[in-house]
Amino acid sequence: MLKAERIRERILGALPGSEVQVNDTTGTGDHFEAYVVSTAFAGKPMVQQHKLVYAAVQDWLQTGELHALALKTYTPEQWKKLGPR
Amino acid sequence: MTPELKARFDEEIRSHKIVLFMKGNALFPQCGFSARALQLLQPYGQVHTVDVLADAEVRQGIKDYTNWPTIPQIFINGEFVGGSDILMELAERGELAELVSGKKAEG
């Protein structure tokens, strides 16, 4: 069973300087959602942004320890445009 | 993946503006995510669908082709867009129309 914080640390390690929020969506430690804001996403199609994040947790996805990670990825500019949340 | 299968994917994706690899077909989607993807795409034009359940080689092959682990998979203007999550997000952000019209290269 995974903790949201461990996933967050992995993503931060892969994308230094990013803002990351991870939520356990089912409370069962295997389905999570993550909001990631990173300058590394600039100019990249969303599919490439998601691949960058998935790469950070690929081993957990492969073993099935992490069953699902729903992603929302933004550049800092896009995130700012969304306004306060 | 065989070269023949890769050539088939190249051709399907090159010859249609919107391509959806899905479970089931447009009339009878066999999965909620595939149905949702189809619904999101249809306002933007003719959607060419490929039923991955009809052919096990295609079902695994498309995942190898894109290095993306899930079905459905969406291609617009010859580019791999992603799965249903990404499609939904692009629709919410109002970026889907731009992607189909090709007016903007990327988001």
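**Exercise 1. Work out how α2(A) and α4(B) pack against each other.**

Start with the geometry: α2(A) and α4(B) pack with their axes 10 Å apart, at an angle of about 130°. Axes here are lines fitted to C-alpha atoms, for helices over the stretch in contact, and angles run from 0 to 180 degrees between N-to-C directions. The helices themselves are DSSP runs (H or I, at least four residues; strands are E, at least two), numbered from the N terminus.

Then the handedness: α2(A) passes α4(B) in a right-handed crossing. A crossing is right-handed if the near helix is turned clockwise from the far one by less than a right angle, and left-handed if anticlockwise.

Last, the side chains. A:Met46, A:Val47 and A:His50 of α2(A) make the contact with B:Ile86, B:Glu89 and B:Leu90 of α4(B), where contact means heavy atoms within 4.5 Å. That gives 4 nonpolar, 1 polar and 1 charged residues. For the classes, Ala, Val, Leu, Ile, Met, Phe, Trp, Tyr, Cys and Pro are nonpolar, Asp, Glu, Lys and Arg are charged, and the others, Gly among them, are polar.

A word on the ground rules: this is a predicted model, so local features need pLDDT of at least 70 and side-chain atom pairs count only at pLDDT 80 or more, while totals for chains, interfaces and linings use all residues. Residues are numbered from 1 along each chain as its sequence is written, chains are lettered from A and ligands numbered from 1 in the order in which they are written, and side-chain values use heavy atoms, with hydrogens and water left out.

**Exercise 2. Now do α2(B) against α4(B).**

Helix α2(B) covers residues 32-41, and its axis lies 10 Å from that of α4(B), at an angle of about 30°. The pair is therefore roughly parallel. α2(B) passes α4(B) in a left-handed crossing.

On the α2(B) side, look for B:Phe33, B:Arg36, B:Ala37, B:Leu40 and B:Leu41; they meet B:Ser84, B:Leu87, B:Met88 and B:Ala91 in α4(B). By class, this contact has 7 nonpolar, 1 polar and 1 charged residues.

**Exercise 3. Describe what lines the largest pocket.**

Count first: 28 residues form the lining, and A:Tyr54, A:Leu69, B:Trp68, B:Pro69 and B:Thr70 lie nearest the centre. (On a 1 Å grid over the protein atoms alone, a pocket is an open set of points where a 1.4 Å probe fits, with protein on both sides within 12 Å along at least five of seven lines; lining residues have an atom within 4 Å of a point.)

Then trace the elements. At least two lining residues each come from β2 (31-37), α2 (46-56), α3 (58-63) and β3 (68-74) of chain A, and from α4 (84-92) of chain B. By class, the lining has 14 nonpolar, 10 polar and 4 charged residues.

Note on methods
Parallel < 35°, antiparallel > 145°, perpendicular 65-115°, else oblique.
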